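Here's a quick briefing for anyone opening this structure for the first time. Have a look at the picture, then read on.

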Amino acid sequence: MNRKLLILFSIFLMLNTMDTVTTYIGLTSRKATEINSLHENLNSEGIPVQFVLIKNVVLPSILYILVHSCLERVTGNHRIPYYAILVAVIVYYCFVVGNNLVVLGEKN
(Lines give C-alpha, C1' and ligand atoms only; values in the text may rest on other atoms or scores of the structure.)
Protein backbone atom coordinates (compact mmCIF):
# COMPACT_ATOMS: atom_id res chain seq x y z
CA MET A 1 0.00 0.00 0.00
CA ASN A 2 1.11 3.54 -0.67
CA ARG A 3 2.72 5.01 2.47
CA LYS A 4 1.44 8.56 1.82
CA LEU A 5 -2.12 7.30 1.51
CA LEU A 6 -1.76 5.29 4.70
CA ILE A 7 -0.46 8.29 6.65
CA LEU A 8 -3.17 10.63 5.35
CA PHE A 9 -5.91 8.11 5.96
CA SER A 10 -4.60 7.45 9.50
CA ILE A 11 -4.86 11.16 10.24
CA PHE A 12 -8.36 11.17 8.76
CA LEU A 13 -9.41 8.18 10.90
CA MET A 14 -8.07 9.85 14.05
CA LEU A 15 -10.09 12.99 13.29
CA ASN A 16 -13.12 10.89 12.39
CA THR A 17 -12.86 9.06 15.73
CA MET A 18 -12.57 12.37 17.59
CA ASP A 19 -15.65 13.62 15.72
CA THR A 20 -17.57 10.49 16.68
CA VAL A 21 -16.59 10.78 20.35
CA THR A 22 -17.38 14.50 20.60
CA THR A 23 -20.68 13.96 18.80
CA TYR A 24 -21.75 11.23 21.23
CA ILE A 25 -20.62 13.36 24.20
CA GLY A 26 -22.75 16.18 22.79
CA LEU A 27 -25.71 13.85 22.36
CA THR A 28 -25.49 12.55 25.93
CA SER A 29 -25.02 16.04 27.39
CA ARG A 30 -27.90 17.38 25.27
CA LYS A 31 -25.74 19.91 23.46
CA ALA A 32 -25.97 20.46 19.71
CA THR A 33 -22.85 19.13 18.00
CA GLU A 34 -23.95 18.76 14.39
CA ILE A 35 -24.39 21.49 11.83
CA ASN A 36 -26.75 21.09 8.90
CA SER A 37 -26.34 22.56 5.43
CA LEU A 38 -27.93 25.83 6.54
CA HIS A 39 -25.24 26.19 9.25
CA GLU A 40 -27.77 26.02 12.04
CA ASN A 41 -27.01 23.93 15.08
CA LEU A 42 -29.31 20.96 15.30
CA ASN A 43 -30.87 20.27 18.62
CA SER A 44 -29.39 17.13 20.14
CA GLU A 45 -32.77 15.38 20.23
CA GLY A 46 -33.06 15.82 16.46
CA ILE A 47 -29.85 13.92 15.66
CA PRO A 48 -30.53 10.22 15.15
CA VAL A 49 -27.80 7.77 16.12
CA GLN A 50 -28.08 6.20 12.65
CA PHE A 51 -27.04 9.53 11.09
CA VAL A 52 -23.92 9.65 13.27
CA LEU A 53 -23.03 6.04 12.43
CA ILE A 54 -23.49 6.56 8.69
CA LYS A 55 -21.47 9.78 8.76
CA ASN A 56 -18.64 8.34 10.84
CA VAL A 57 -18.42 4.71 9.66
CA VAL A 58 -19.98 4.23 6.23
CA LEU A 59 -18.82 7.44 4.50
CA PRO A 60 -15.15 7.08 5.56
CA SER A 61 -15.16 3.48 4.34
CA ILE A 62 -16.52 4.54 0.96
CA LEU A 63 -13.99 7.39 0.78
CA TYR A 64 -11.10 5.03 1.50
CA ILE A 65 -12.21 2.45 -1.07
CA LEU A 66 -12.67 5.11 -3.77
CA VAL A 67 -9.36 6.88 -3.12
CA HIS A 68 -7.42 3.62 -2.82
CA SER A 69 -8.90 2.13 -6.00
CA CYS A 70 -8.28 5.36 -7.94
CA LEU A 71 -4.67 5.59 -6.73
CA GLU A 72 -4.07 1.98 -7.79
CA ARG A 73 -4.92 2.88 -11.40
CA VAL A 74 -3.29 6.31 -11.63
CA THR A 75 0.44 7.07 -11.74
CA GLY A 76 2.72 10.11 -11.65
CA ASN A 77 1.38 13.65 -11.30
CA HIS A 78 -2.17 12.46 -11.94
CA ARG A 79 -2.26 11.24 -8.32
CA ILE A 80 -2.12 14.79 -6.92
CA PRO A 81 -5.91 15.49 -7.16
CA TYR A 82 -6.69 12.34 -5.16
CA TYR A 83 -4.29 13.36 -2.42
CA ALA A 84 -5.71 16.90 -2.54
CA ILE A 85 -9.23 15.54 -2.00
CA LEU A 86 -8.07 13.57 1.03
CA VAL A 87 -6.22 16.59 2.45
CA ALA A 88 -9.35 18.74 1.93
CA VAL A 89 -11.45 16.17 3.82
CA ILE A 90 -8.88 16.18 6.64
CA VAL A 91 -9.01 19.99 6.87
CA TYR A 92 -12.82 19.85 6.89
CA TYR A 93 -12.79 17.33 9.74
CA CYS A 94 -10.41 19.60 11.69
CA PHE A 95 -13.09 22.30 11.54
CA VAL A 96 -15.83 19.80 12.45
CA VAL A 97 -13.96 18.57 15.53
CA GLY A 98 -13.09 22.15 16.47
CA ASN A 99 -16.77 23.13 16.21
CA ASN A 100 -17.76 20.15 18.37
CA LEU A 101 -15.23 21.15 21.04
CA VAL A 102 -16.39 24.78 20.99
CA VAL A 103 -20.03 23.73 21.36
CA LEU A 104 -19.19 21.29 24.16
CA GLY A 105 -17.17 23.98 25.95
CA GLU A 106 -20.05 26.50 25.93
CA LYS A 107 -21.81 27.05 29.20
CA ASN A 108 -25.59 27.11 29.16
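Let's start with a word you'll need: buried means under 20% relative accessible area, exposed means over 50%, and partly exposed covers what lies in between, using a 1.4 Å probe and protein chains only. Helices here are DSSP runs (H or I, at least four residues), while strands are E runs of at least two, and both are numbered from the N terminus. With that in hand, the buried residues of α3 are Tyr83, Leu86, Val89, Ile90, Tyr93, Val96, Val97, Asn100, Val103 and Leu104.

Some ground rules: this is a predicted model, where local features need pLDDT of at least 70 and side-chain atom pairs count only at pLDDT 80 or more, while totals for chains, interfaces and linings use all residues. Residues are numbered from 1 along each chain as its sequence is written, and side-chain values use heavy atoms, leaving out hydrogens and water.

**Helices**

- Helix α1 runs over residues 3–28, which makes 26 residues.
- From first C-alpha to last, α1 reaches 37 Å, close to the expected 38 Å; the expected span is 1.5 Å times one less than the number of residues.
- The 26 residues of α3 should span 38 Å at 1.5 Å a residue, and its end C-alpha atoms are 37 Å apart, which agrees.
- Buried residues of α1 include Leu5, Phe9, Phe12, Asn16, Asp19 and Gly26.
- After α1 comes Arg30, which has a positive phi, near 60°.

**The nonpolar core**

- A nonpolar core is a set of buried Ala, Val, Leu, Ile, Met, Phe, Trp, Tyr and Cys residues joined through side-chain atoms within 4.5 Å.
- The largest one has 14 residues, and Leu5, Phe12, Leu63 and Leu86 have the most contacts inside it.
- Helices α1, α2 (49–73) and α3 (80–105) each supply at least two residues of this core.
- The largest share, six residues, comes from α3.
- Leu5 is in contact (heavy atoms within 4.5 Å) with Tyr64, Val67, His68, Leu71, Tyr83 and Leu86, leaving aside neighbours within four places in sequence.

**A buried Asp**

- Asp19 sits in helix α1, and its relative accessibility is 0%, so Asp19 counts as buried.
- Leaving out residues up to four places away in sequence, Asp19 touches Lys55, Asn56, Tyr93, Val96, Val97 and Asn100.

**Aromatic pairs**

- Rings of Phe, Tyr and Trp (its six-membered ring) pair if their centres lie within 6.5 Å; planes under 30 degrees apart are stacked, over 60 edge-to-face, and the rest tilted.
- The count by this rule is three aromatic pairs.
- One of them is Phe9 with Phe12, a tilted pair at 5.4 Å centre to centre and 45° between the planes.
- Phe9 and Phe12 are three residues apart in helix α1, so about one helical turn separates them.
- Phe9 is buried at 10% relative accessible area, and Phe12 is buried at 1%.
- Tyr92 and Tyr93 make an edge-to-face pair, with 5.7 Å centre to centre and 85° between the planes.
- Tyr92 counts as exposed at 54% relative accessibility, whereas Tyr93 is buried at 8%.
- Phe9, Phe12, Tyr92 and Tyr93 form one aromatic cluster.

**Cysteines**

- How many disulfides are there? The count is zero, taking a disulfide as a pair of cysteine sulfur atoms within 2.5 Å.
- Cys70 is partly exposed at 23% relative accessible area, and Cys94 is partly exposed at 42%.
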